[in-house]
Amino acid sequence: MTAHITIRGARLHNLKNVSLTIPKNQLVVLTGVSGSGKSTLGFDILLKEGQRQYLESLGLVTFGLAKPPVDVLAGLSPTVSVDQRLANNSPRSTVGTSTEVYTYLRVLFARLGHRPCPTCGRDVAPWANATTANWEGEAGADDEALAPESTFPCPHCGAPVPEIGMAHFSFNKPEGACPTCTGLGSIHQANLALLVEEKKSIAEGAVAGWGRIHIEYHSTILKAAAAHYGFALDLSLPVQAYTQVQRDLLFYGVASPLFRRHFPGVEPPATVRQGRFEGVATNLLRRYADRIQDAAYRDKIDEFLVSGTCPDCGGTRLRPESRAVTVRGQTLIDLSRLPLDELGAWLEALPSALSPDERLIAQPILADLEARIARLVEAGAGYLSLERASPSLSAGEARRLRLASLLGSALSGVLYVFDEPTIGLHQRDTHRLIALLRRLRDLGNTVLVIEHDLETIAAADYLVDFGPGAGKHGGQVVATGSPAHVAAQPGSLTGAYLAGRAAIPVPAARRTPGARVLIVRGARHHNLQDLTARIPLGLLVAVTGVSGSGKSSLVFDIVDRALRQRLYRAGDPPGEHDAIEGWEHLDRVITIDQEPIGRVPRSNAATYSDTFTPIREAFAATPDARRLGLSARHFSFNVHGGRCERCEGAGVLTVSMHFLPGVEVRCPACRGRRFTGETLAVRYRDHDIAQVLDLTVEEALALFRDVPAARSRLQMLSDVGLGYLQLGQPATTLSGGEAQRVKLAKELGRRSAGRTLYLLDEPTTGLHPADVARLLEVLQRLVAAGNSVIVVEHNLELIKTADWVIDLGPEGGAAGGRLIAEGTPEQIALVPGSFTGQSLKDLVRP
């Protein structure tokens, strides 16, 4: 068995004929400035080729995995990846369901659960239906529900008691889900203020999304409905002048209880033509429910919805009968709300409280449960609770759950590829992560980590530094070897930061808080414990603390949502708090998170940031375009006109493989160039529009230097560290950090009156220390213009340059949610109970 992975002549993307030997069974870190080629080697070559070779060895077809442009690639092992993308974005997924801890708890409650008799109310032990409940068969089928009519007599009163099984504790099964919210824990209502502009009439476009054709169509149905029920309806009146009957018809429709209460003895019209109007609010909610799994569609209509806790289950998702079942006095809801480390302690103490027969049943369940929870706690997720929704997890939290599952596999001989596993981790938690990575290595695996965190880089067995720059200036191996060896190399930028030769300077003077301040009083959302925080405006403020201490809850769930509700009438209610003072100092709030900027490959950095519009206009202004009668729309691949209609501007065609994933092949009509020959004949400074999409931001900046609108937008993308990014790179391939910086560049291109609050979620994600320095220049520029910037951040290089720091803790989960310290970085470094302060001591002078 070879001891190395050998790469010769790798030429994918910006890699320049890279040849490299990577030792196996070691912790190997790939680092370098953003865009230097790390991910190309780690994911696009090693990961995909490892997967392709493994599948081929099993005799499986690998249409979707083309061999990368490499001369030699030898010594690969089967590969497993842990990237930055969330595994499950469904609102029905939770920490409990995704880790299977909740599944094991459902088995436990089905076996040992006590419940009150529905007739006499006395306790019914689990043994009462032991003779009829097919426990073993049910567990093997994992959720095979018992027949609804299956009952057994209550041992106290003899009344029939329904049998229960695993399905009765699942909020994703009809047997267990709350009937009101169908197991979601929340209900959605239409935001009527945004859905209908009541000062307008229907004919004037009062209903959002109704064009002229929709208005004519629905007006006919509304008039027919009014005639059916015998009341007048003047559609030329503003909606605010409608009677209650007319409003209920428009909003809720003829079949709704709210409308039918006015005509209890009248049956609704049988057909749409006769007046069976659904109602604008009812229609919106039906479409949302029908496409609940479609994330892109949910995002599209979310702004018209108001979400609230289900009034019947109180957000617990389960039926009343399921919520009443207990094991040693605790309901499944009680256990789902505990942090995982506390749940582990409760399960550890459970056997001593059980009878010998109960212990016999519980032993195999508890063994698996305790092992799973121990791995989750070890991975740094001990503060999470089972009820936490998967979509609310940060990329770092989702990755830690994935890491915990890997620790349980005990595989050896595997190549693990991690993409920035320290994202979302406080410095105190980084050493724990490093220990886990080493444990995977010690099992006989090769652990390959793409990382910018200096502590993780310094802990590597072997280091590969890419550079020297980004994009076309990168793609080379600058240095390899131990961290100490790389630190001694004069040509390595990473080595300079490791050795301390390069560093982000601490500001000579910091801005001081003034009269403008945002005060959050009584914050109690999630684990925040009646917190009151003073956030000075007009400064660069860093909100930090250990993982799970409540940073995101404070900044995004409370401040962001409350200000959006106040300034924009947004529908999402803020997290629980008493009040926010000082909002009158702000005109706008801009949130720049790490959500994807597009869910389809057609979206890219150029289109999202509005950079492509002035570029198309520049092409349309050329003499050739005028001669051919081509306008700016002909240079868009998203609309008819100049695009290739065979592939509809995608450049590729998707071939269905029936039971296999679809395969993309180059369009034979345009040969992957997206546009018609006529459109491609137009050139701007010797470049056609397809060639422009292949340029990097930096290259396009030089090409369009005489187009002010394009130059300014491209400069913003370059300023935030994206000079290496191709203009046409699909948005679906961008990392979370890259997507966030594209959003930041777009906002920087807009004019600001100086009363804007910017909220950023870990903006240093994916950035080399050298790129962090550039990002800081951009953030300081925003503050200098009179704006306020709040960043939720763990990166000490950013925290040490902030004007003000708010440190939450002292731990994650239930032990967090408190204000530990606030002040300048120098003041934070003097606070004895602050983990952030301890880390800052070596970076600032207290």
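Which residues of H6 are buried? They are Ile215, His218, Ser219, Ile221, Leu222, Ala225, Ala226 and Tyr229. Keep that list in mind while we walk through the structure. This is a predicted model. The mean pLDDT of the chain is 90. Of its residues, 94% reach 70 or more. One stretch needs care: over residues 131–147, pLDDT stays under 50. For that stretch the model has 27 contacts beyond four places in sequence.

Back to helix H6, which runs over residues 212–229. What covers its buried residues? The cover includes helix H7 (244–252) and helix H8 (257–260). Now look at the spacing in the list of buried residues. An α-helix has 3.6 residues a turn, so residues three or four places apart point the same way. Ile215, His218, Ser219 and Leu222 are among the buried residues of H6. Next, check the length. H6 has 18 residues, and at 1.5 Å a residue they should span 26 Å. After H6 comes glycine 230. Its phi is positive, near 80°.

Now turn to a sheet. Three strands form an open sheet in the order E2-E1-E4, and the pairing is antiparallel. Strands of a sheet pair through backbone hydrogen bonds, either parallel or antiparallel. Here, strand E1 (residues 4–10) and E2 pair in the antiparallel sense over five bridges. Take isoleucine 7 as an example: its bridge partner in E2 is leucine 20.

Next come the nonpolar cores. The largest has 70 residues. Those with the most contacts inside it are Ile615, Phe619, Phe704, Leu744, Leu779 and Val789. Which helix gives the most to this core? Helix H29 (residues 769–784) does, with seven residues. Look at leucine 779. Leaving aside neighbours within four places in sequence, leucine 779 is in contact with Leu540, Leu744, Leu760, Val789, Val791 and Leu798. There is also a second, separate core of 61 residues. It includes Ala110, Leu350, Ala381 and Leu401.

Glycine 344 is found in helix H13 (residues 340–349). Buried or exposed? Buried means under 20% relative accessible area. Glycine 344 has 16%, so it is buried. Glycine 344 and arginine 372 are 28 residues apart in sequence, and 9.4 Å apart in space, C-alpha to C-alpha.

Serine 718 lies in helix H27 (residues 708–719). Its relative accessible area is 12%, so serine 718 is buried as well. Not counting residues up to four places away in sequence, serine 718 touches Val697, Leu701, Gly723 and Arg774.

Which residues does it contact? Leaving aside neighbours within four places in sequence, alanine 579 is in contact with Ile519, Val520 and Arg521. Valine 520 is 59 residues away along the chain, and the two C-alpha atoms are separated by 6.1 Å.

How values were computed. Residues numbered from 1 in each chain as written. Predicted model: local features only at pLDDT ≥ 70, side-chain atom pairs only at ≥ 80, totals over all residues. Heavy atoms only, no water. pLDDT = per-residue confidence, 0-100. Contact = heavy atoms within 4.5 Å. Core = buried A, V, L, I, M, F, W, Y, C linked by side-chain atoms within 4.5 Å. Buried < 20%, exposed > 50% of the residue type's maximum accessible area, 1.4 Å probe, protein only. Helix = DSSP H or I, 4+ residues; strand = E, 2+ residues; numbered from the N terminus. Expected span 1.5 Å × (residues − 1). Pairing = 2+ DSSP bridges.
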